[in-house]
Amino acid sequence: MRYLVTLKVTAQPDGPPPADLMDAIIKLGQEATESGALLDTSGLAPSSEGARVEVGGGRLIVSDGPFAEAKEMISYALYEVRTKEEAVEWASRFVRLHHELWPGWEGQADVLRLFGPADFAPPA
């Protein structure tokens, strides 16, 4: 099963992430990649560099960022794992690194299962 993990920050100390955090993230990413679990990951530019496309009131609306959400989405990871619990474990390890190595950082990771072809197969 594939899971998309999105990371949102709610509180972040001033300045860049500490070097030891970045080193730990690289090591965790290497471990996840070598295990075959991590398919893709990347940091995301601020929402001020994005756009939102929505339908409302019978029309298509395109709005440039930034968006008003209090939680800025800052990265994502795509995992191929056997269970939701395995995806949650990878996400927990990633968030735990932030908690342990960047005092004052707060955020959340959402673990979302992606549909696959089997989800749309005709009933047997």
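Which residues does S75 touch, not counting residues up to four places away in sequence? Close-up 1 has the reply, after a look at the whole chain.

**Overview. The protein chain has 2 helices and 6 strands.** This is a predicted model, in which local features need pLDDT of at least 70 and side-chain atom pairs count only at pLDDT 80 or more, while totals for chains, interfaces and linings use all residues. Residues are numbered from 1 along each chain as its sequence is written, and side-chain values use heavy atoms, leaving out hydrogens and water. Helices (H or I, at least four residues) and strands (E, at least two) are DSSP runs, numbered from the N terminus. In that direction the elements run β-α-β-β-β-β-α-β. Along the principal axes, the C-alpha atoms fill a box of roughly 45 × 40 × 15 Å. Of the 124 residues, 23% count as buried (under 20% relative accessible area; exposed is over 50% and partly exposed lies in between, with a 1.4 Å probe and protein chains only).

**Close-up 1. S75 sits in strand β5 (residues 72-80).** Its contacts (heavy atoms within 4.5 Å) are V5, T6, L7, S42, G43, L44 and F94, not counting residues up to four places away in sequence. With a relative accessible area of 11%, S75 is buried.

**Close-up 2. Helix α1 (residues 19-34) has 16 residues.** At 1.5 Å a residue, α1 should span 22 Å, and its end C-alpha atoms are 23 Å apart, which agrees; the expected span is 1.5 Å times one less than the number of residues. L21, A24, I25, L28, G29 and A32 are buried in α1. Seen down the axis, these buried residues fall within an arc of 140°, so they line one face of the helix; the arc is that of the directions from the helix axis to the C-beta atoms. What covers them includes β2 (38-43), β5 and α2 (84-101). On the other side of α1, A19, K27 and E34 are exposed. After α1 comes G36, with a positive phi near 90°.

**Close-up 3. The axes of α1 and α2 come within 9 Å and cross at roughly 165°.** That makes α1 roughly antiparallel to α2 (over 145 degrees; under 35 is roughly parallel, 65 to 115 roughly perpendicular and the rest oblique). Axes are lines fitted to C-alpha atoms, for helices over the stretch in contact, with angles from 0 to 180 degrees between N-to-C directions. From α1, the contact is made by D20, L21, A24, I25, L28, E31 and A32, and from α2 by W90, R93, F94, L97, H98 and L101.
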